[in-house]
Amino acid sequence: MARARLFASLCALVFFLNLARIVFAPLLDVFIAEFGIGEATAGLIATLAWIGSASLRLPTGWILTKVPRHHVVIGSGVVLAVSSSIAATSTTVPQLMVGAFFMGIASGIYFVSANPLLSELYPDRVGRVVGIHGTASQIAAVIAAPFVVLTLLIDWRLSLWTIAVGAAAVTVYTAIVASRTEMPTAGEADRDFVAGALSEWRIIVAALAIAGMASFVWQGVFNFYELYMQSKGLSPQAAGTMLTIVFAAGVPAFYFGGDLADRLPQVPYLLGIVGAFSACLLLLTAAQGFVALIAISALIGFVVHALFPAVDTYLLATLPDSARASAYAVFSSVWMLVQSLGSFVLGLFLEFGFTYDSLFVSAAVVLGTSVVVLVIIERAGWLPG
């Protein structure tokens with residue numbers, strides 16, 4: 001029961017941490033009006049949250065070889081509460097940027113420490129707990145825009161104050177519950193960061209080979225999804241609705257995707273998801289009409305979001321106790337860096353004159369080809385599992 005309460009508190013904390021990464025996007029037009037800045041500066045504020053999320057993942061992995069997992073998790077909640085307060089009280093753009101950056105840092109620290117902790121709390125149900133935890137995170141992505149709209153009826157700062165107060169309350173509760181919970185001892189064996197990561201380089205490379213390109217493509221697709229929908233003739237409002245459908249489909253995807261990761265052979269399951277995502281990209285380029293676009297938006301959202309709990313389960317359930325946090329931190333850092341470049345690369349090709357359809361078809365072909373190659377490698381027994 002104590003572990004169940006701790007798990008519930010982590011689901012609440014990850015909700016606020018993911019909301020903190022996403023909340024800036026719907027606030028950009030408010031920042032432009034409030035601070036008199038241009039689109040580039042406003043966009044940099046949102047980007048800083050994601051840069052922050054990636055920046056300290058590797059150092060956090062080293063910290064986890066010295067400090068218990070739950071202490072680092074609680075620390076991430078403290079960082080979020082303080083940085084959200086800084087952003088909420090900002091009177092200058094640099095102060096707002098600092099707040100956004102450290103709000104992102106809080107999420108990066110959290111994910112690297114919480115995911116290994118979850119796998120060690122429930123070693124027999126890694127996929128299920130990772131899926132439920134991811135569902136809580138995904139709900140934040142779905143409600144971010146309407147949440148900001150509601151707070152704007154009073155003051156835009158209310159959205160950031162809500163995150164600060166919510167994070168503080170949940171962090172205190174998590175600390176209390178953790179102090180009353182018998183923590184797993186598996187992490188005590190992970191005491192050499194470099195040696196631990198190097199010893200498991202094969203599974204890190206395998207996970208990146210399977211999921212890296214797919215997440216890179218997805219980062220570009222979803223960031224340009226509204227513009228792509230508009231290029232298909234939809235109004236801006238309808239295009240925004242399509243993106244909401246994509247994220248909403250991710251809520252059940254995390255739950256069922258994590259559950260299936262426990263039941264199915266992990267490497268074939270991951271390759272099946274990437275192959276299905278490739279097929280969805282082809283269907284997306286062929287879809288015409290409002291109803292068809294709703295259907296493919298829901299499908300692609302479900303398929304791609306199932307990838308995230310599946311790859312976490314693959315790593316966390318396969319890595320030994322002696323290297324779990326170290327190796328996962330390395331994977332998470334590289335994976336975040338790889339996918340963060342997706343939007344920039346897609347935008348670059350668009351500026352060169354390529355069309356959305358040609359780029360998405362090309363990406364689908366590359367992904368499909370990589371799946372075929374990886375299936376051959378897996379059949380030969382060269383992929384760790």
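This is a predicted model: local features need pLDDT of at least 70, side-chain atom pairs count only at pLDDT 80 or more; totals for chains, interfaces and linings use all residues.
I take buried to mean under 20% relative accessible area, exposed to mean over 50%, and partly exposed to mean anything in between, with a 1.4 Å probe and protein chains only.

Residues are numbered from 1 along each chain as its sequence is written, and side-chain values use heavy atoms, with hydrogens and water left out.

**Entry: the end of α15**

I placed Ser340 in helix α15, where helices are DSSP runs of H or I with at least four residues, numbered from the N terminus. Gln339 belongs to helix α15 too, which covers residues 324–340. I noted Gln339 as buried, because its relative accessible area is 11%. When I set aside the neighbours within four places in sequence, I found Gln339 in contact (heavy atoms within 4.5 Å) with Ser215, Phe216 and Gln219. I also looked up Ser340 against Ser215, and their C-alpha atoms are 8.8 Å apart although 125 residues separate them in sequence.

**Entry: the second largest pocket**

I listed 15 lining residues, with Phe216, Val217, Leu346, Leu359 and Ala363 nearest the centre; a lining residue has an atom within 4 Å of a point. Two or more of the lining residues come from each of α10 (201–223), α16 (342–351) and α17 (356–379). I sorted the lining into 12 nonpolar residues, three polar and no charged, where Ala, Val, Leu, Ile, Met, Phe, Trp, Tyr, Cys and Pro count as nonpolar, Asp, Glu, Lys and Arg as charged, and the others, Gly among them, as polar.

**Entry: helix α6**

I followed helix α6 through residues 93–121, and its 29 residues reach 41 Å from first C-alpha to last, close to the 42 Å expected at 1.5 Å a residue; the expected span is 1.5 Å times one less than the number of residues. I found α6 mostly covered, with 24 of its 29 residues buried. At the start of α6, a side-chain oxygen of Thr92 comes to within 3.3 Å of the backbone nitrogen of Gln95.

**Entry: three further residues**

I looked up Ala286 in helix α13, residues 266–286, and recorded it as exposed, because its relative accessibility is 56%. The C-alpha atoms of Ala286 and Asp357 are 8.6 Å apart. Val78 sits in helix α5 (residues 69–88) and is partly exposed at 44%.

Conventions. On a 1 Å grid over the protein atoms alone, a cavity is a set of points where a 1.4 Å probe fits but cannot get out, and a pocket is an open set with protein on both sides within 12 Å along at least five of seven lines; lining residues have an atom within 4 Å of a point. A polar contact is a pair of N or O atoms within 3.5 Å; within protein, one must be able to donate a hydrogen and the other to accept it, and residues adjacent in sequence count only if both atoms are side-chain atoms.
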